[in-house]
Amino acid sequence: SARAAGVNAAAAEAANAMHAESSDAVDGGDESDKESAAYEELVQKAVEEPLEDIEALRLFELIEDDGFGRPVLLVMGCRVDTWVTAMDRVMLSFVRLMHDVSREPFSVIYFNSNVGWRNQPGFTFFASSYAVLPARYRRNIAALSIVHPGMWVRAMFLLLRPLLSAKFWRKLHYADRLDELWLDDVVQKHAFRPPPEAVLFERSLRADLDQRADELQISGILGGQPIAKFSSSSASASAAAAAAAAEPVDSATPHELELTSTRIAPSSPADL
């Protein structure tokens with residue numbers, strides 16, 4: 001099919017680019033300074049074309065200092081709808097922002113928070129990007145952190161595994177929680193403010209985990225029957241019930257006995 005042909009073509013381009021990089025390394029060439037004609041054309045289009053529609057998505061945010069003296073690019077995945085947004089224009093916006101930045105070490109933090117099917121670029125986009133971007137992008141990236149990773153992100157990196165070097169895998173970092181970014185020294189906590197979508201997503205995750213923990217704490221299985229949560233109030237209620245059951249019947253007044261017998265007596269057919 002046309003889709004399969006596109007995927008194969010993108011993979012072939014990426015493989016050729018990887019082979020060219022390997023050849024340059026063997027020959028002693030400076031691979032980071034080499035830019036293909038395709039990339040030069042991409043840079044020219046990024047400069048000339050109006051990209052206000054892509055910039056309005058606020059998909060990218062560049063922070064000057066990650067706390068370690070490097071710029072850091074924040075990417076908010078849920079802000080782009082790949083079904084209606086031209087991803088080639090997203091690529092132009094990326095190149096316009098990172099063309100000069102990529103000449104020095106930098107970091108990237110991708111927020112996968114609240115990302116659905118419509119927010120997920122396909123393999124072709126990533127393979128084509130790999131093929132066209134100069135090697136300095138991959139060489140100078142100090143860390144690539146994925147916040148709130150899901151199955152799609154992990155699967156995509158597995159598909160890209162043949163194209164990525166061992167050095168790249170050492171730069172990849174998964175963060176299940178926001179605080180892992182500074183706990184693992186990816187970025188200093190004071191260096192940036194996490195996107196509100198990521199903060200709200202994490203609060204939702206924590207609330208869900210807290211609810212599940214409470215459910216596990218107050219319930220259990222004993223002979224197939226749930227166990228009620230034990231508390232002082234329930235203990236007091238049980239003690240009161242036990243005391244009432246142990247109280248002699250003759251301690252009740254004649255009037256109370258009369259009311260009790262009236263409640264439990266079966267109704268006659270005439271009363272129905």
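Which residues does Leu-144 touch, not counting residues up to four places away in sequence? Leu-144 touches Val-108, Phe-157, Phe-168, Lys-171, Leu-172 and His-173. Contact here means heavy atoms within 4.5 Å.

This is a predicted model, in which local features need pLDDT of at least 70, side-chain atom pairs count only at pLDDT 80 or more, and totals for chains, interfaces and linings use all residues. Residues are numbered from 1 along each chain as its sequence is written, and side-chain values use heavy atoms, with hydrogens and water left out.

**Cavities**

The structure holds two cavities of 30 Å³ or more. A cavity is a set of points, on a 1 Å grid over the protein atoms alone, where a 1.4 Å probe fits but cannot get out; its lining residues have an atom within 4 Å of a point. Points are joined across faces, edges and corners, and a volume is the space filled by probe spheres set on them.

In the largest cavity, Phe-94, Val-108, Phe-125, Phe-126 and Leu-144 lie nearest the centre. Helix α7 supplies the largest share of that lining, five residues. Helices (H or I, at least four residues) and strands (E, at least two) are DSSP runs, numbered from the N terminus. Around the second largest cavity stand Arg-58, Leu-59, Phe-60, Glu-61, Leu-74, Met-76, Arg-79 and Pro-195.

**Cores and α4**

A nonpolar core is a set of buried Ala, Val, Leu, Ile, Met, Phe, Trp, Tyr and Cys residues joined through side-chain atoms within 4.5 Å. Buried means under 20% relative accessible area (1.4 Å probe, protein chains only). The largest core has 41 residues. Tyr-39, Phe-94, Val-95, Leu-133, Leu-144 and Phe-157 have the most contacts inside it. Helix α4 gives the most to this core, with seven residues. Apart from this core lies another, of 15 residues, including Met-76, Leu-181, Val-186 and Ala-198.

Nine of the 12 residues of α4 are buried, so α4 is largely enclosed by the rest of the structure. Among them are Arg-89, Ser-93 and Phe-94. At 1.5 Å a residue, α4 should span 16 Å, and its end C-alpha atoms are 16 Å apart, which agrees. That expected span is 1.5 Å times one less than the number of residues.

Key
1 Å grid on protein atoms, 1.4 Å probe; cavity = no way out; pocket = protein on both sides within 12 Å on 5 of 7 lines; lining within 4 Å. Buried < 20%, exposed > 50% of the residue type's maximum accessible area, 1.4 Å probe, protein only.
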